[in-house]
Amino acid sequence: MVDLLSQHKKLEQQIFESIHRVIDSSAFIKGSEVAVFENTLADFLQVSHVITCANGTDALQIALMALELHPGDEVIVPAFTYVATAEVIALLGLMPVMVDVDEDTFNISLSGLAKAITHRTKAIIPVHLFGQCSNMEPLMKLAEAHHLYVIEDNAQSLGANYAFSNGHVKKAGTIGTIGCTSFFPTKNLGCLGDGGALMTNDPGLAEKIRMIANHGQRKKYYHEVVGCNSRLDTLQAAILNVKLPHLEEYLNARRKAGDYYQIALKHFNYGILPASLPATEPTYNQFTLKIRGGLRDKMKEYLEQKGIPSMIYYPLPLYKQKAFNKFVPTGFSLPVTEKLCESVLSLPIHTEMAEDELSYICEIVLDFKEVGAI
Ligand SMILES: *Cc1c(COP(=O)(O)O)cnc(C)c1O
């Protein structure tokens with residue numbers, strides 16, 4: 001599905017040098033590389049503040065903590081997402097409210113969202129799934145009209161652009177109240193382990209986030225709020241400092257592979273290709289087909305036999321996960337989410353894909369026709 005080895009081999013020398021520098025400095029926690037990374041990423045994203053933390057899940061948790069939500073407050077999330085988005089809501093004693101997604105873009109449905117807002121709703125967490133920014137302009141309008149915070153789960157779409165109707169282009173994660181991202185190895189910008197960050201243009205929130213991520217202290221051993229221990233290791237920051245200058249190149253490589261699939265698989269009768277909103281330039285963290293006619297599992301098996309990996313993101317709606325039983329009424333169901341969980345299949349996509357690999361995969365995918373007819 002991914003080829004991290006080839007990606008890192010190209011930067012091997014620089015990565016080793018950066019690791020040695022950190023070892024020589026012995027500043028493993030909050031070393032200077034961390035601030036350098038935060039500032040460079042803030043420049044890249046055109047956002048005032050980036051605060052790193054231990055992983056993307058922590059970023060979401062810290063965002064909710066910084067907004068001082070109260071037990072029972074409702075937070076709206078799409079039901080078709082990775083578990084982390086809703087997990088942190090439940091963990092903090094808040095109420096996850098799940099809404100459906102748009103079939104074309106896999107992102108939160110605005111009509112579903114509008115219907116789910118109650119007087120207890122305090123925040124929305126749109127997830128920019130598979131590399132594409134959610135439809136943020138109408139979403140922000142809705143949030144503003146109801147005085148709701150917006151936390152963008154941008155774990156999968158770092159670097160994606162979103163164009164507003166006035167021509168302004170913003171990066172995913174910098175549009176809402178707080179943006180959250182992850183540097184898990186397979187994300188758009190991956191470190192060699194776990195890592196995450198929050199971003200905001202609000203200086204007060206930025207300070208609070210920084211405090212919460214570091215045991216609720218501004219000054220060492222003086223704890224103003226209950227926080228957590230969630231920091232990006234200096235080693236990971238040093239590695240990210242080597243990789244960040246290549247992010248644009250990584251995104252372009254993903255787009256090139258995505259575009260290749262779009263053209264080559266245009267006439268694939270058994271599947272529907274991912275679509276993107278005109279307002280967003282996707283980053284193809286995943287390339288996800290919707291397989292028609294209940295043939296998804298057959299298709300996956302067929303690809304496996306031909307030596308082509310594929311993945312199902314995600315096989316089960318959030319509201320059907322045992323862990324979330326108590327948050328959803330019995331029989332709760334969202335039609336698009338249900339359909340997607342039964343039909344989605346993601347093909348290999350990464351920064352190192354060669355044209356012959358892409359063409360081989362497409363040839364096999366298109367051949368499914370005959371096999372499917374048997
Ligand atoms: C990866 C991911 C996260 C969590 O990031 P981690 O760094 O693995 O904790 C959250 N939300 C989404 C949508 C993700 O894909």
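Predicted model: local features only at pLDDT ≥ 70, side-chain atom pairs only at ≥ 80, totals over all residues.
**Exercise 1. Carry out the analysis of Exercise 1 for Tyr284.**

Step 1. With a relative accessible area of 8%, Tyr284 is buried.

Step 2. Tyr284 is placed in the loop between β13 (280–281) and β14 (287–291).

Step 3. The phi of Tyr284 is near 45°, a positive value in a residue other than glycine.

**Exercise 2. Describe how helix α2 (residues 12–25) packs against helix α9 (residues 234–243).**

Step 1. The two helices, α2 and α9, pack at an angle of about 145°, and their axes are 9 Å apart. Axes are lines fitted to C-alpha atoms, for helices over the stretch in contact, and angles run from 0 to 180 degrees between N-to-C directions.

Step 2. Gln14, Ile15, Ser18, Ile19 and Val22 of α2 meet Thr234, Leu235, Ala238, Ile239 and Val242 of α9. Contact means heavy atoms within 4.5 Å.

Step 3. Ile15 of helix α2 counts as buried because its relative accessibility is 5%. Not counting residues up to four places away in sequence, Ile15 touches His8, Leu192, Ile239 and Val242. The C-alpha atoms of Ile15 and Asn241 are separated by 9.1 Å, although the residues are 226 residues apart along the chain.

**Exercise 3. Explain why α9 is described as largely enclosed by the rest of the structure.**

Step 1. Of the 10 residues of α9, 9 are buried, so the helix is largely enclosed. Among them are Thr234, Gln236, Ile239 and Lys243.

Step 2. The cover over the buried residues of α9 includes α1 (4–9), α2, α3 (32–45) and α10 (247–264).

**Exercise 4. Locate His128 and identify the partner of its side chain in a polar contact.**

Step 1. His128 is in the loop between β4 (121–124) and α7 (136–145).

Step 2. Because its relative accessibility is 0%, His128 counts as buried.

Step 3. The side chains of His128 and Glu152 are joined by a polar contact of 2.7 Å. A polar contact is a pair of N or O atoms within 3.5 Å; within protein, one must be able to donate a hydrogen and the other to accept it, and residues adjacent in sequence count only if both atoms are side-chain atoms.

**Exercise 5. State the distances from oxygen atoms of the ligand to polar side-chain atoms of Thr57 and Lys187.**

Step 1. For Thr57, the distance from a polar side-chain atom to an oxygen atom of the ligand is 2.5 Å.

Step 2. For Lys187, the corresponding distance is 2.7 Å.

Definitions and conventions:
Residues numbered from 1 in each chain as written. Heavy atoms only, no water. Helix = DSSP H or I, 4+ residues; strand = E, 2+ residues; numbered from the N terminus. Buried < 20%, exposed > 50% of the residue type's maximum accessible area, 1.4 Å probe, protein only.
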